[in-house]
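Please read the points below beside the coordinates. They begin with confidence and then go through the fold, the pocket and a few individual residues.

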Amino acid sequence: MFGNYLIGLREGLEAGLVVCILVAYLVKTGRKDALPPVWTGIAVAVLLSMGFGALLTFGSQTLTFEAQELLGGSLSIIAVGLVTWMVFWMRRTARHLKRELHGKLDAALAMGTGALVVTAFLAVGREGLETALFVWAAAQATDDGLRPLTGAVLGLLTAVALGWLFYRGALRINLARFFTWTGAMLVVVAAGVLAYGFHDLQEADVLPGLGNKAFDVSEQVPADSWYGTLLKGVLNFQADPTWLQVAVWTLYLVPTLVVFFAPGRAGSVAPSRAATEESKHDETPVATPTVPGSVPGSVRGSDGAAAADGDRLRDGARRTGGHSVGEQQG
């Protein structure tokens, strides 16, 4: 359940930030007339994600056991691939998400209403489809559709609340750090889903080794115990995995976390102070409400100046070995 809460929270917050940035930009630039197409694209993306989840859930029930295992294993592997890509992409682009979306929205405004709908749909739809696929795969791994769904819904509701607080300017956090730590936890959850996906392929007779157990601690960790349920819900723990599952879990988790926390990569847990200052400026106030009396369109100039300042800070950090902002200016 925790793993699904985490995926719902993270994916929902990504989508929520996108919506906040799009809406706030249109309001600040005096283009409230463009809001209905944006909301239309968002609504279509949400409905499509829900439909995709329903199709996965109910469509697979008509298949034979071998076909269900083959489908479940294949989609689990695809889901882990998508989530891994999303984790690294968000870690790399979190600081610059605002400027990237502003550029796409400017282009869409120039092209017309249809482009606005498509832009909003693509921005939100990707997170929605990834969420539906990963939650379904996690539900297959736990053999319990209720708790994973409950966890995902709670995560999405939390993300909606946080998104609203961001938009109202009532909440400010270091998003780069948030996405780094939640991304690391998702990698651990994804490792369990991947291992179970390979177990499904073994049960479908696509891969060998179903009877070759690496260990069996079913008596020490009963599936119906509170700690067994906790390990299953958080880590997709299996008390009697095969050697292939253990190998896949290890070969995915260890290299992925090593690369994820590699020093010097963008969005590391301990960024330079220059990068931290840019993160605080460019991420957390993504959706400050419109200030009465502000000049429409002035946000473009301020964003351009912020981008230039951020570039200068990064360049300075590289030349000085990551010294503080004050030391660069002094």
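**Notes on the model**

1. Over residues 266–330 the pLDDT stays under 50, and the model has 97 contacts beyond four places in sequence for this stretch. Here pLDDT is the predictor's confidence in each residue, from 0 to 100, and a contact means heavy atoms within 4.5 Å. Where pLDDT is low, the predicted coordinates should not be read in detail.

2. This is a predicted model, in which local features need pLDDT of at least 70 and side-chain atom pairs count only at pLDDT 80 or more, while totals for chains, interfaces and linings use all residues. Residues are numbered from 1 along each chain as its sequence is written, and side-chain values use heavy atoms, with hydrogens and water left out.

3. The chain averages a pLDDT of 74, and 74% of the residues score at least 70. Among the elements of the chain, H9 has the highest mean pLDDT (94) and helix H12 (residues 325–329) the lowest (38).

4. The chain has 12 helices and 0 strands. Of the contacts in the chain with a separation of 6 or more, 84% are between residues 24 or more positions apart. Buried residues make up 48% of the 330 residues in the chain. Buried means under 20% relative accessible area, exposed over 50%, and partly exposed in between, with a 1.4 Å probe and protein chains only.

5. The largest pocket holds about 1200 Å³ of space. The search runs on a 1 Å grid over the protein atoms alone; a pocket is an open set of points where a 1.4 Å probe fits, with protein on both sides within 12 Å along at least five of seven lines, and lining residues have an atom within 4 Å of a point. Grid points are joined across faces, edges and corners, and the volume is the space filled by probe spheres set on the points.

6. Which residues lie nearest the centre of the largest pocket? They are Ser49, Met50, Gly128, Thr131 and Leu156, out of 45 lining residues. The lining divides into 26 nonpolar, 14 polar and 5 charged residues. In this count Ala, Val, Leu, Ile, Met, Phe, Trp, Tyr, Cys and Pro are nonpolar, Asp, Glu, Lys and Arg are charged, and the others, Gly among them, are polar. Helix H1 (2–28), helix H2 (35–59), helix H3 (65–93), helix H5 (113–142) and helix H6 (146–168) each supply at least two residues of the lining.

7. Thr131 lies in helix H5 and counts as buried at 9% relative accessibility. Its C-alpha atom is separated by 9.3 Å from that of Arg10, 121 residues apart along the chain. Gly125 also lies in helix H5 and is buried because its relative accessibility is 6%. Beyond four places in sequence, Gly125 touches Ala45 and Ser49. The C-alpha atoms of Gly125 and Ala43, 82 residues apart along the chain, are separated by 9.4 Å.

8. Gln238 sits in the loop between helix H8 (226–235) and helix H9 (243–260). Is Gln238 buried or exposed? At 14% relative accessibility, Gln238 counts as buried. Its side chain makes polar contacts with the side chain of Asp240 (3.3 Å) and with the side chain of Gln245 (2.8 Å). A polar contact is a pair of N or O atoms within 3.5 Å; within protein, one must be able to donate a hydrogen and the other to accept it, and residues adjacent in sequence count only if both atoms are side-chain atoms. Leaving out residues up to four places away in sequence, Gln238 touches Tyr196, His199, Phe215 and Gln245.

9. Asn236 lies in the loop between H8 and H9 and is buried, at 9% relative accessibility. Asn236 and Ala191 are 45 residues apart in sequence and 8.5 Å apart in space, C-alpha to C-alpha. Thr256 is in helix H9 and is buried, with a relative accessible area of 11%. Beyond four places in sequence, Thr256 touches Thr84, Phe88 and Val187.

10. Asp205 deserves a check: it has a positive phi of about 65° although it is not a glycine. Most residues other than glycine have a negative phi. Asp205 is found in the loop between helix H7 (175–203) and H8, and is exposed, with a relative accessible area of 65%.

Methods. Helix = DSSP H or I, 4+ residues; strand = E, 2+ residues; numbered from the N terminus.
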